[in-house]
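Have the 3D view open as you read.

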Amino acid sequence: MNEEYDVIVLGTGLTECILSGIMSVNGKKVLHMDRNSYYGGDSASITPLEDLYKRFNIPGSPPETMGRGRDWNVDLIPKFLMANGQLVKMLMYTEVTRYLDFKVIEGSFVYKGGKIYKVPSTEAEALSSSLMGLFEKRRFKKFLSFVASFDENDPKTLEGVDPKKTTMLEVYKKFDLGQDVVDFTGHSLALYRTDEYLQQPCLEAVNRIKLYSESLARYGKSPYLYPLYGLGELPQGFARLSAIYGGTYMLNKPIEELVTENGKIVGVKSEGEVARCKQLICDPSYVPNSVTKLGQVIRVICILSHPIKNTNDANSCQIIIPQNQVNRKSDIYVCMISYAHNVAAQGKYIAIVSTTVETNDPEGEIKPALELLEPIEQKFVSVSDIQAPTDLGTESQIFISRTYDPTTHFETTCNDIKDIYKRVTGSEFDFEEMKRKKTDIFGEDQ
């Protein structure tokens, strides 16, 4: 233990594992420790099912109707990967894809007036969607082709829109889109959780819709991917990468003290020994005094014996309930996966509902989502704090990640990874630098 490392990483959440993998690839000497006996931290997949019952203090053991406990890998944090998004690029450029198998999520749906509808994301789907009337469809089709050809550096594609000045609300008005269409575009395609983006310059929103469309174009059914055996496979994949490049891993290590001199990290004390380091990366649980609470997320894991109604019996899907539909300030998300992903016993489905807490009755807030899932065999409810660092690490050289937000994709997590990378190394995270051999996520060469 009494060695000196360039970087010590505490916690094996996805953010920490990706950073330790990347630091190792960059030639840094990395020590990675976690007080838990398993990988994944807050983003772990829990197996067997008995452990999930224990974790949520549910008395008794799972009924026999749930099948074998070891057939379950239940994610604590529900997320999908955008097929063309940043995490897929990180996986491909680091070649972590060779440790993982992915499936395309079968559908993306949006809630309107108590019912769910497939999200139209191609011009053909827009024309056949029952979400809109005929004239609205034509206008939406024009809007989608504007987004598809939009390039901020080519004035010919902008149709008079200034990407840095024109607000997104003004862009919607330009195409004469009604409130319902604005709702599902902003929340189901651009994946905003609130409507604050409407008053912002349109560049980010248009690029988000473009990312959705490009992700969808890759595999057809939806823009989302999910790893077989659960999200817990992702941190383990990056942990393997780190180990290949000389990183050292220690699970089950109690962390007794962060050792500092003149306000700067110099080492970590565990079981009476100190491992020295120049920099430290960790999750908020290791430095409770250096983080601030930004709010709370409720997540409810629901075990079902049936697909969700009105999803064409999909084995996997996402449903977004836009805030306006249920008189809230933020959206409610539902992620559903099943035995088809090796995360549940045969014939069983796992639906996870999440949203930002807005009242003193978090479970009451997600009632519209739970009603879509009935009947529910068993549910596991958690409310956790959303935390962000108060110390950027400039002086202390302690770099703290953010906790996971309620969104159903990893784009915000990847932004956090890139932000920490820049603070640790002083340079921007460059996907090109990470490039080994660019293949498709399903292993086919591009």
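What follows goes from confidence to strands and cysteines, then to the pockets and a helix residue.

Keep in mind that this is a predicted model. The protein chain has a mean pLDDT of 92, and 96% of its residues reach 70 or more. If you go element by element, helix 13 (residues 431-434) has the lowest mean pLDDT, 65. At the other end sits strand 19 (residues 398-400), with the highest mean, 98.

Now find strand 17, residues 349-356. Is this strand mostly covered or mostly open? Mostly covered: seven of its eight residues are buried. It also has partners to look at. Strand 14 (residues 291-304) pairs with strand 17 in the antiparallel sense, over eight bridges. Strand 16 (residues 332-338) runs antiparallel to strand 17 too, and seven bridges join the two. To get your bearings, pick out one bridge from each pairing.

In general, a disulfide is a covalent bond between the sulfur atoms of two cysteines. How many disulfides does the count come to here? The count is zero. Cysteine 302, for one, is in no disulfide, and the nearest cysteine sulfur, that of cysteine 335, is 12 Å away. Then there is cysteine 317: its sulfur is 8.7 Å from the closest cysteine sulfur, in cysteine 335. The cut-off for a disulfide is 2.5 Å, so the cysteine 317 sulfur is too far from that of cysteine 335 for a bond. As for solvent, cysteine 302 counts as buried because its relative accessibility is 0%, and cysteine 317 counts as buried because its value is 1%.

On to the empty space. Rolling a probe the size of a water molecule over the atoms shows where such space is left. The largest pocket holds about 870 Å³. Its lining has 32 residues, and the ones nearest its centre are Tyr192, Glu204, Arg208, Thr412 and Asn415. Which helices each supply at least two residues of the lining? They are helix 3 (86-93), helix 8 (203-219) and helix 12 (411-425). Helix 8 gives the largest share, six residues.

Of the 31 residues lining the second largest pocket, Gly41, Asp42, Ile77, Ser384 and Thr403 are the closest to its centre. Helix 1 (14-25), strand 14 and strand 18 (378-389) are the elements that give two or more residues to this lining. Strand 14 is the strand that pairs with strand 17. The largest share, four residues, comes from strand 18. By class, the lining of the second largest pocket has eight nonpolar, 14 polar and nine charged residues.

One last stop is alanine 124, found in helix 4 (residues 123-128). Is alanine 124 buried or exposed? Alanine 124 counts as exposed because its relative accessible area is 58%, and the cut-off for exposed is over 50%. From alanine 124 to lysine 137 is 13 residues in sequence, and 9.8 Å in space from C-alpha to C-alpha.

Note on methods: Residues numbered from 1 in each chain as written. Predicted model: local features only at pLDDT ≥ 70, side-chain atom pairs only at ≥ 80, totals over all residues. Heavy atoms only, no water. Buried < 20%, exposed > 50% of the residue type's maximum accessible area, 1.4 Å probe, protein only. Pairing = 2+ DSSP bridges. 1 Å grid on protein atoms, 1.4 Å probe; cavity = no way out; pocket = protein on both sides within 12 Å on 5 of 7 lines; lining within 4 Å. Points joined across faces, edges and corners; volume = space filled by probe spheres on them. Nonpolar A, V, L, I, M, F, W, Y, C, P; charged D, E, K, R; others polar. pLDDT = per-residue confidence, 0-100.
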